[in-house]
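Please look at the backbone of the model shown here. This briefing covers its peptide bonds and phi angles.

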Amino acid sequence: MTAAAQRRACREEARAASTSEGARRADAARQDRIAPTPLPVAAVLAVLGGLGAWLAFPPYDQWYLLPLGLAALLAAVLVRRPVAALGLGWLWGFAFFLPLSQWANIYAGVAPWVALALFEGLFFGVFGLVARAVLARRGIGIGSGVVVACLWAGVEALRSHVPWGGLPWGASAFALQHSPLLALGPWIGTAGLAVVIGLLAVLVLAGALSLAGRRPRRARSRGLWPVTIAVLAVLACLVVPRPHNPVAADHPTMRIAGIQGNVPRMAPGNLAMPPEIFPNSLALTQQVAADARTEGTPLDLVVWPESSTGWDPREERATGDVLTAAAEDARAPLLVGTITRGTSDDTIANTSLLWMPGGSVEQTYVKRHPVPFGEYIPARAFFSRLSDAVDLVPEDMIAGTEVGVMDVGGRPVGVLICFEIAYENLVQDVVDDGAQVIVVQTNTALFGDSDEASQQLAEARVFAAISGRSVVQIATVGESAIITPEGRELAAAGHWEAGVLVADVPLRIGVTPAVAAGPWIAVGAGALGLAGLLLALASGRRALLDPARRPGRAPATRRTR
């Protein structure tokens, strides 16, 4: 054979090898594609997934159902049309948020409750749309899984801040109060925990699709591996160390008494606090003061709940005199909740007053995040044209501007009111301002027998871990508790019962990595998710199969005459 002939033969062999390799890769790509979910099946998955996610939260606390419910959502949105993914995500969100927020029905009525669930469902609809865009193009792998998990965290962060300050109720982290995953909280915060939940959901999805035969390239038995990895990752959290968080050297503990006065059940929609709260709280304060004298254990602070004194006691002389006498009897300041006048005659403020034994009030805190449509009406003129229900909130509650940290006998005490414990930025603010313990005053009487009280207490427990601070949550009718950063419950009182919570509460001065990072964990996760989404949209690859052209099916041919 001549040299020229040998060269031609070599080129032909190389060309054949290249063609074979290209065909092999193309075949592998086809075999790794995902069969789309039939729309009726997707609708069922969306509803069941949303309900499962709801059961992950208090009072049911089946936290493992959250990644399973999210995996069901991801499976549901793997449909042929993007608009269907948007609707299915919305359906999942509605099925999740409607039962989760049943307390809104008691507080505001059926129509606002359903409207709230429909509005919050929109965020999950957007997540369904963008998650489908990534999975339908990139398939299910490590890269796409990280992007989807970051998108989940990004949408949660968006929902927690917009509009009108957002509503983080139902954020992933709040389902984890009894989960091993909470050990990661001080390191990565609520956004990081959302990413972890998203990653677990993608692992469950990968395993489920393989086991169901919807990923043709994967043997069904290999679907066990992603699920096994998810389980092992959760178990590994049992040995995650806590960040170093020393107690305060000069005052290692603070003896705090919380007063849960209790009141009779209120009629649904009645926002006026029963007058029994003041005398009930007063009687329990006198009891705890007598016990302190008998035991020789002086108190450092007595905490009453939100709205426990009615109108501003500084303007009601008789009420103020009674508080002064109670503080002198307890030999400790009283932190009481009240309503004060706002900046104009038609505004009010939700205020905490530190009432000293001498009768002076030198430190106050005004709630920084009033609840839109509950404590004030945004764009009142506009919404009043849509519904006369806005008249149920006749006076708008103004927002405070100062971070709630009070000096109580040389100990910095952070103060939050009611729903503020759900907002990570507000918790970070009080810790950044030097708080060594966090006190939460709340009025759960407005929400009747709903799950609001147990859900809010879960938020307090989660933020005790994330912030590295003990949290003292005191409610009007329960649930109240004193919780350490390690999750120990030093004292507690149940729902619809009067009680006194007394404990030597540890004071901490360390700053957890989650608090030190501030908003940047959420910003970073959101940015990574958005970048991955844009790259997926720019890709020409398709991982979602056309049902008419599944692997192994011969392409259709035209019949000729």
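This is a predicted model: local features need pLDDT of at least 70, side-chain atom pairs count only at pLDDT 80 or more; totals for chains, interfaces and linings use all residues.

Residues are numbered from 1 along each chain as its sequence is written, and side-chain values use heavy atoms, with hydrogens and water left out.

**Cis peptide bonds**

- Pro-58 and Pro-59 are joined by a cis peptide bond, with omega at about 5 degrees.
- Pro-59 sits in the loop that runs between α2 (39-55) and α3 (65-76).
- Gly-478 and Glu-479 are also linked in cis, and omega is about 5 degrees.
- The loop between β10 (470-475) and β11 (480-483) contains Glu-479.

- Asn-262, a residue other than glycine, has a positive phi near 70 degrees.
- Asn-262 belongs to the loop between β1 (253-260) and α10 (277-295).
- The relative accessible area of Asn-262 is 14%, and the residue is therefore buried (under 20%; exposed is over 50% and partly exposed in between, with a 1.4 Å probe and protein chains only).
- Trp-496, a residue other than glycine, has a positive phi near 60 degrees.
- Trp-496 is in the loop between β12 (489-493) and β13 (499-506).
- Trp-496 counts as buried because its relative accessibility is 15%.

Terms used: Helices (H or I, at least four residues) and strands (E, at least two) are DSSP runs, numbered from the N terminus.
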